Amino acid sequence: MTSRLAIRAATTLALGVLAFTPAARAAETIDPVADNAAFQKFFTDKFPKLQLKDFVNGPYSMNEDLHKQWEEKEEFPPYEFSLEDGKQMFTTPFKNGKSYADCFPNQGIGIRQNYPYFDDKDGKVVTLELALNRCREANGEAPISYVKDEMAALTAYMAFTSRGKPMDIRIPNDPRALAAYQMGKEYFYTRRGQLNFSCATCHVQSPGQRIRAEVLAPALGILNAMPIYRSEWSGMGTTSRRFITCNSQTRGVPLAPESDEYRNLEYYLSYVSNGLPISGPGARP
Amino acid sequence: MASSIRVRATANGDITEVQALIQHPMDSGFVKDAQGNLIPPHFIQELTFEYDGKPVFVADWGPAVSKDPYVKFSFKGGKKDGELKVSWVDNKGATDTTTAKIQ
């Protein structure tokens, strides 16, 4: 196991050098704490005018005109309808009389910042979406789609009750958790698709720059705003939906929502944004 | 069902600024669904804002307006705590109305 991890770490090192030198130093051994510090330093050095908490607003922190538009948008945000649906769904009991609140610590209020977490029973990463569907199934309800509509509404409400709380992802002292983190990191830095882009190509190398008409968001804090109302979708979408579109936009083959790779990726990407406030639900162009 | 209209109106001196967000599919009639069938047109045709029984903003809309449309305008003569009535009628005859107090 250790030697396999060492090989993985070495590949990341090789890839990391291209896109992202600061983290590369930390890649020889798996050191999430050092990764987190290096990752955040990279962004604060790249954008010295921004404070850490500004990064959660994605492209709106990168561009003054967009920022103005966004401030106006936030007065009347497009996710409001979804948020209300989510609140209603969350508080409506299941057929057996129980509700979502019974499945979560603190009745599900103000806990978004702790997801995804590593479940030591089945040795895998559990995201909020996954936990919600497990909750449904445990109470005899059919699972719902991971990408939009109801799931986005529910997570929008749960994120809303957690707004401002710092992202707080823990990596337990368990080799499987470290491996999941490391695999997520590798996924993030691995190039794929016809365009040969990694996640980092856009969101580490080029945030603030335009890709066609869009301003790219920084990877730091990118998940803190999930779920999002995206004008391009004219609707709400979850983290899974965003990962899938990212993959297909680089002309790669998207994975199934909540597949192990996406869960590990979310684990890694959330961990390196630890300390940044939850700002979801968000609105994006 | 919750109202399909969200309104916020704020009086600032003589000018009242109004913002509204309406939940509506606004199907143009030109879009096909996943099975290749045309989605029939379904859009708001008339949107009215009334203050003090008089219309202050009337919009004749067509299929080119986006889904969940957002409107912002201002008018003269609104007073704080006055009531603003908003209503829409779509091409299927459906309608919704709400009122909001000017803040």
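At 1.5 Å a residue, the 12 residues of α5(A) should span 16 Å, and the end C-alpha atoms are 17 Å apart, which agrees. The expected span is 1.5 Å times one less than the number of residues. Helices here are DSSP runs of H or I of at least four residues, strands are runs of E of at least two, and both are numbered from the N terminus.

This is a predicted model, where local features need pLDDT of at least 70, side-chain atom pairs count only at pLDDT 80 or more, and totals for chains, interfaces and linings use all residues. Residues are numbered from 1 along each chain as its sequence is written, and chains are lettered from A and ligands numbered from 1 in the order in which they are written.

Which residues of α5(A) are buried? They are A:Phe81, A:Ser82, A:Leu83, A:Gly86 and A:Phe90; buried means 20 or more other C-beta atoms, placed from the backbone, within 10 Å of the residue's own. These residues pack against α7, β5 (228–230) and β6 (235–237) of chain A.

Now the chain contact. Chain A gives 7 residues to it and chain B gives 9 residues, with contact meaning C-beta atoms, placed from the backbone, within 7 Å. On the chain A side, the largest share, 3 residues, comes from helix α5 (residues 80–91).

Last, the helix pair. The axes of α6 (residues 128–138) and α7 (residues 149–160) of chain A, lines fitted to C-alpha atoms over the stretch in contact, come within 11 Å and cross at roughly 110 degrees, the angle running from 0 to 180 degrees between N-to-C directions. α6(A) and α7(A) are therefore roughly perpendicular, a label for 65 to 115 degrees.

Notes:
Two residues are in contact if their C-beta atoms, placed from the backbone, lie within 7 Å. Angles under 35 degrees count as roughly parallel, over 145 as roughly antiparallel, 65 to 115 as roughly perpendicular and the rest as oblique. A residue is buried if 20 or more other C-beta atoms lie within 10 Å of its own, exposed if 12 or fewer, and partly exposed in between; C-beta atoms are placed from the backbone.
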